[in-house]
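Reader: I am new to reading protein models. Could you take me through this one in short steps?

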Amino acid sequence: MRKRIPIVVVALLVGAAVAVFLTLNSRGAPRHDLRAVSILMLEGPFKSYGDNVRVGINLAVEEIQQEDGVKVEVNFKSFDGDPTKALDTLKTAVGRDGFRFVVEVFGTAAALSVADFVNENRVLTISGVDTGDQLTEKMGRYFFRIVPSDGEAVQALMTWAKELGAKRGAVVAVTTDWGKGVGDMVEHYSPRAGLTVSRQDVDKAHSVFAPQVAALMDAQADVVFLALNPDQAGNFVRAARAASYRPIILGTDNLTAGEFTATAGDAAEGVRYVLPPVTPGNPIRSRVIKELRQRLRLPNGEEPHPFALYGYDEMWTIYQAMRAGKGDPDRAAQFLESYRVEGATGPIQFTKTHDVVLAGPYRRMIIQIDKDGKLEPAEVR
Amino acid sequence: MATGGYLVSGVAPMRPEFLDADFVMAVLTLAALVALVSVGFNLVYGVLRFLNLAHGEIVVVGALLVGKFARGHGFAAALVLGVLVWAFLGVLAGRLLFRPLRLQPRGAMLGTSLGLGLLLQVVYSSTTNQAGISLRPDPIVLGPVTIAWTSPLLTVGVVVAVVGGLEAWLRFTRLGQAVWAVAENPLVAESWGLPVSAVYDTIFGLSFSLAALAGAFLAVNYSISFGFAFKMLVWSFAAVLLGGLGKVLGGCLASIPIAAVWAILGRLGFEPYVDPAVLLLCAGAYVVLPEGLLGRRLRAI
């Protein structure tokens, strides 16, 4: 009896090992590896941004299943914008849950906070929304982004300001990593455009811009670069309008959010911003916009927020990398370094620093009031 | 191409005066709204002796409520409706959440107010996707006269009328007098047969309704988000300290130097330092004038 027990135990262990082996084999390695985590702001005041990215990612996941018959698992995690919480969330996803691929860590501050971790732990990460210029130096081997950095956008704005005849500039920047980055870029590139630039920093809860407007009027700034959150930018242009201050007002994709026009109202008319280039007549873009419009329940003619398109493209990109690398982040990263594809947001190809290669000049947009009295952006050609 | 009046080229109009009329009105508008937020905050402190940490959220969700009503009604009607509904919910919150704790240590009510704030944040984020609330109502048309809701005179006028009315109510009505008594000593007031329950209901109703009114005007003049509401709460707290804890009129007067500090520092390019500067100013004033700006001339409510 004493000798039988070990034999039974050994038999059970062998049986269990065989069962585990067969189970793993029946699942297939690719399916096991096609998992990614996405760290977004899905609650709180920035929920709309997170929702747009999530809708884009989900559309790509469905298409991948339809076209390749592969089910990709994306685990969405929410954080409140605090970069340390993004890092904690990622550590749990990697350490406890075994994720090796990340499709979006939302926001430049969060991306900067996780960059060292993803490189030390070989976690392949793609972003379509983190535009902060500081990220270029921090991305390393395992971090890629498919959206151009703010440095490119600011240079495009400088060229435009110069063409419009501006002489004295000012930047109003929110004191977040993103806002500071854009503010620094404006100061850095303004001498090349022949502009003298003054700077006003405001914190992220600031909403009442009368003092800043008065200060810019004192400084006789004829062009103002807004590195503010969308609702803040809206409040700024309203305060400018109330003080009869009419400079050239320029911004980047911060002015594409609905919060900007909702807050600014008619004062948004004439505000200009630049957007990354797109390939004219890109059929993927048209199809994806149509799909996203349905999912986001947008009226005909209204374009989905760019974050939804970037969410779509980053999901397809990381899927291709996961498949090519057979679940290995090193091989996937290597694959992306020579990756070149036309996405919904335009051509996707990476530089040596893993920034996206800029495919052409930035688009210039101006907000106008259409014949129905609605604020609409129009491309300036 | 239309440019909405923004320059295509050229130099922006110059305004060298530090104190022009537009700027002064902007300062007064902000001061009035800080005062309105501080009154609701101060009323609860004055009577129940606890700092309602949910007041910022109450302001934001009050504005959200007015905004929801404004979709089906004119803005003036929505404002009245929103203020009344929020007042009713304030009475409920007072009865269900705070009144049962009035004989407990103050920390219990403080903790409950934190919980209420979190609950209101959840209500907000499950109701709207917007980061902030912006209300853009049509102007008021009274025959040949058109008044924009963003008019500084309207905002300041409404605040002066509301605070003046409140002060008069506190001084000259029986229930107002009862508020003073309950604020002094609720147990003695109860033993005298004063309507303590009605006082608590009224205070919470007033605090919530003033918050909705302030939130709506903040959303009309700027946009209101939790971050901005927290900033307003910090300034209101500073106004309460500077004006004297529990003193409605003192808090209102104190909002003027606070708005002036904000305006001057902002104009000089030191906006990120406004909050610490305001709190330092108030801490200094509290040391010099512990009874607040109005000294002992007003009784605490």
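Author: What follows is a set of questions and answers on this model.
This is a predicted model, where local features need pLDDT of at least 70, side-chain atom pairs count only at pLDDT 80 or more, and totals for chains, interfaces and linings use all residues. Residues are numbered from 1 along each chain as its sequence is written, chains are lettered from A and ligands numbered from 1 in the order in which they are written, and side-chain values use heavy atoms, with hydrogens and water left out.

Reader: What is the radius of gyration of chain B?
Author: The radius is taken over C-alpha atoms, and the globule rule is 2.2 Å times the number of residues to the power 0.38. For 301 residues the rule gives 19 Å, and chain B is close to that, so it is as compact as a globular protein of that length. The radius of gyration of chain B is 20 Å.

Reader: What share of the residues in chain B is buried?
Author: Buried means under 20% relative accessible area, exposed over 50%, and partly exposed in between (1.4 Å probe, protein chains only). Chain B has 301 residues, and the buried share is 52%.

Reader: Which residues touch the most other members of the largest nonpolar core?
Author: A nonpolar core is a set of buried Ala, Val, Leu, Ile, Met, Phe, Trp, Tyr and Cys residues joined through side-chain atoms within 4.5 Å. The largest one holds 94 residues. A second, separate core of 68 residues includes A:V102 and A:L309. In the largest core, the residues that touch the most other members are B:I224 and B:W235.

Reader: Is B:G82 buried or exposed?
Author: B:G82 lies in helix α3 (residues 75-98) of chain B. Leaving out residues up to four places away in sequence, B:G82 touches B:L65, B:V66, B:F69 and B:A212; contact means heavy atoms within 4.5 Å. Its relative accessible area is 0%, so B:G82 is buried.

Reader: With which side chain does the side chain of B:D201 make a polar contact?
Author: B:D201 sits in helix α8 (residues 196-221) of chain B and is buried, at 13% relative accessible area. A polar contact is a pair of N or O atoms within 3.5 Å; within protein, one must be able to donate a hydrogen and the other to accept it, and residues adjacent in sequence count only if both atoms are side-chain atoms. At 2.6 Å, the partner of B:D201 is the side chain of B:R95.

Reader: What is the phi of A:E104?
Author: Most residues other than glycine have a negative phi. A:E104 is in strand β3 (residues 101-105) of chain A, and is buried, with a relative accessible area of 0%. Although A:E104 is not a glycine, its phi is positive, at about 90°.

Reader: Is A:Q220 buried or partly exposed?
Author: A:Q220 also has a positive phi, near 55°, in a residue other than glycine. A:Q220 is found in the loop between α9 (210-218) and β8 (223-227) of chain A. Its relative accessible area is 22%, so A:Q220 is partly exposed.

Conventions
Helices (H or I, at least four residues) and strands (E, at least two) are DSSP runs, numbered from the N terminus.
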